[in-house]
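User: Hello! I am new to this structure, and I would like to learn how to read it step by step. Could you take me through it?

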Amino acid sequence: MKSYFDKTHTWGRIWTVAALIIFLMMPVAFSIHLNAWPKAEYFFKGLASVAIIFYPTGIIEVISYAPLLGAAGTYLSFVTGNIANLKLPCTMSALETSGYSVSSEEGEVISTIAVAVSSIVTTVIIAVGVLLMSVTGFVERLTSPSSPIYPAFQQILPCLFGAIGATYFYKHWKISIAPFVVVIIVLAFSGGTQVGVLIPVSVVVALIATHVMYKKGVFDKEQQRLENG
Amino acid sequence: MDFKSSPFMYAVGGIIVIFVLVQSIFFLVRAVRRGKELGISSEKMKNTALQSALFSIAPALSIVATVIVLSGALGVVLPWIRLTVIGAIQYETSSAQSALNAMGNSAGIASAVTDPEQFTTVAWVMTVGSVMPLVILPFVLKKLQKRIGKALGKNKVWADVMSAAAFIGIIIAFVGRAILGTGDNEANIIGDGAGVLSITGLIGSVAFMLLFSYIIKKVPKLQKLESFAMPLSMFLGMGMVLLVNYLLPAAYIIEWRY
C-alpha cells in the first residue's frame with residue numbers, strides 16, 4: 001500500500017497541474033472576452049525582463065522552502081503564493097508550538113494544517129476585502145496612507161518576524177550569530193538588497209556555520225542528552 | 001462599465017478563489033484524518049489552525065492594500081486574482097510595470113490602463129511570469145524531499161540544528177532589513193526603510209514574545225494560551241509602533257536607511 005507521503009505527492013502533483021491549467025486559462029478567458037490578444041513582441045519583451053529574475057528565483061524558492069514547508073505544505077504554498085510573508089511564518093510557529101520536526105510525519109500533518117488554514121483565511125480576507133472595497137471603500141480607509149493605523153501596517157514584517165524569531169534566537173543563539181553578522185554586513189554595503197536575495201545568502205551561511213559547529217562539537221551536550229534518553 | 005471590472009471578470013476571479021479554497025480544504029481534511037491516526041490530539045490540531053488563522057489576518061490585510069495600489073491601473077479583479085494565486089507583492093507590481101513599459105506606456109501602473117490589449121498583455125505577463133514554481137514542482141519535489149529526508153534521518157541532533165538553522169536564516173533576512181534595509185528610493189515612501197519605527201516593531205514583538213514565554217513557563221495553567229502568544233506579540237509590536245509614532249515628536253522618528 002502507498003504511504004501517506006507517496007499519496008501526498010500524487011495528490012500534490014494532480015492539484016498543481018490542475019492549478020497551472022486554471023491559472024493559464026485566466027488570461028485566455030480575458031483575451032477571448034475582450035477580443036484583445038497581446039502582440040507577441042510586447043508580450044515577450046515584457047516577460048523577458050521579469051522572467052530573467054523570477055524564473056531563477058522560482059527555482060531557488062522551491063529548493064529553499066520545500067524542506068521547511070513539508071510535502072503538502074509546499075504544493076499548497078506555491079499555488080497560493082505569499083510564502084515568505086505568510087506560509088513560512090505560519091508553519092514555523094506551528095512547528096515551534098507543537099514541538100514536532102518538519103521531517104517527521106506528525107510535523108508533515110501540522111505544517112499542512114498551518115498552510116491550509118492560512119491559505120483559506122488569506123483567500124477569504126482578500127475576497128471579502130475586495131468586495132468591501134468595491135462597495136464601501138472600507139479596507140482602503142483602513143490601510144491607506146491616510147489611515148491612523150497605517151504606520152503599523154508598514155511595520156508588519158519586523159513585528160511578524162520578531163514574534164517568531166524571539167524563541168528561535170533564544171533557544172539557538174549560537175546558530176543565529178553567523179547569518180546575522182553576514183546579513184548586516186551585506187545590508188551595510190547594499191541597503192537595497194531585497195529579501196529574495198538575502199534569504200538564500202542568510203540560509204546558506206546559517207547551514208554552513210551550523211554544520212561546522214556541529215563537526216567541532218558545539219552541540220555535543222544536545223547529542224549526549226539524546227543518547228542518554 | 002469599466003471592462004476591467006465587469007461581471008465576467010468577477011466570475012473568473014470567483015472560479016479561481018473557489019479552486020484555491022477547495023484545494024486547501026482537501027489537504028486540510030487529509031491532514032486532520034492522518035493526524036488522528038497518528039494520535040495527535042485534536043486540541044493540538046485546533047490550536048495549530050487557530051494560531052495560523054490569527055497569524056494570517058494582518059499580512060492578508062496588507063495584501064488587500066496591494067490590491068488597492070494596483071487597482072488604480074488594472075481594476076480590482078486582475079490584482080485580486082494575481083495576489084490570491086502564486087502572487088507576491090514584489091512580483092506582481094514589477095510584472096505589471098514591465099509589461100506596460102514594453103508597450104511604451106512609461107507611466108506604467110501610475111495611471112489607469114484603458115486599452116483592452118494593454119490590459120490583456122499585462123494579464124499574460126503577470127501570469128506566465130509567475131508560474132515557474134508550479135512547472136517544476138511536480139517533477140522535483142518528491143526527489144528533493146526524499147534526498148533531504150535521507151540526509152536528516154542519519155542523525156537526529158544534526159537534523160534538528162540544521163532545520164533550525166534554515167528557519168533562522170530566513171528570519172534573519174527580515175530582521176536584517178528591519179535594522180539596516182533601505183526603502184524604495186523612487187517611491188520615496190516614509191516608513192519603508194529601517195529606522196526608529198521598524199526597530200520598535202522588531203524589539204517590541206521580540207520582548208512581548210519572550211515575556212509571554214516566561215510567564216507561560218512559570219504558570220503551567222497558562223499553557224493553553226501558548227498558541228496565542230506569537231500572533232499576540234505581533235499585534236502588540238504593531239501597537240508599540242503606533243504608540244511611538246504618535247507619542248514621540250516627529251523629529252525623533254528617524255529613518256536611518258530611507
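Analyst: Gladly; let us start with the interface. About 13,600 Å² is buried between chain A and chain B, and carbon and sulfur atoms give 79% of that area. Buried area here is the accessible area (1.4 Å probe) that two parts lose on being put together, summed over both. Among the residues of chain A, A:W15, A:F30 and A:F54 supply 5% of the area that chain A buries against chain B, more than any other three residues. Before we go on: this is a predicted model, in which local features need pLDDT of at least 70, side-chain atom pairs count only at pLDDT 80 or more, and totals for chains, interfaces and linings use all residues. Residues are numbered from 1 along each chain as its sequence is written, chains are lettered from A and ligands numbered from 1 in the order in which they are written, and side-chain values use heavy atoms, with hydrogens and water left out.

User: How many residues does the contact take from each chain?

Analyst: Contact means heavy atoms within 4.5 Å. The contact takes 151 residues from chain A and 142 from chain B.

User: Which residues does A:I199 touch?

Analyst: Beyond its neighbours within four places in sequence, A:I199 is in contact with A:Y65, A:A84, B:I170, B:A173 and B:F174. A:I199 sits in helix α10 (residues 195–215) of chain A; helices (H or I, at least four residues) are DSSP runs, numbered from the N terminus. With 3% relative accessibility, A:I199 counts as buried, where buried means under 20% relative accessible area, exposed over 50%, and partly exposed in between (1.4 Å probe, protein chains only).

User: Which residues of α3(B) are buried?

Analyst: They are B:V77, B:L78, B:P79, B:W80, B:I81, B:R82, B:L83 and B:T84. Eight of the eight residues of α3(B) are buried, so this helix is largely enclosed by the rest of the structure.

User: What lines the largest cavity?

Analyst: On a 1 Å grid over the protein atoms alone, a cavity is a set of points where a 1.4 Å probe fits but cannot get out, and lining residues have an atom within 4 Å of a point. Grid points are joined across faces, edges and corners, and a volume is the space filled by probe spheres set on the points. The structure holds one cavity of 30 Å³ or more, and the largest has a volume of about 50 Å³. Its lining includes A:N82, A:K87, B:L83 and B:T84. Helix α5(A) gives the most to this lining, with four residues.

User: How should I read a positive phi?

Analyst: Most residues other than glycine have a negative phi. Phi of A:N82, however, is near 45 degrees. A:N82 lies in the loop between α3 (71–80) and α4 of chain A and counts as buried at 3% relative accessibility. A:N35 also has a positive phi, about 50 degrees, in the loop between α1 (4–34) and α2 (40–69) of chain A. A:N35 is exposed, with a relative accessible area of 65%.

Conventions: 1 Å grid on protein atoms, 1.4 Å probe; cavity = no way out; pocket = protein on both sides within 12 Å on 5 of 7 lines; lining within 4 Å. Helix = DSSP H or I, 4+ residues; strand = E, 2+ residues; numbered from the N terminus.
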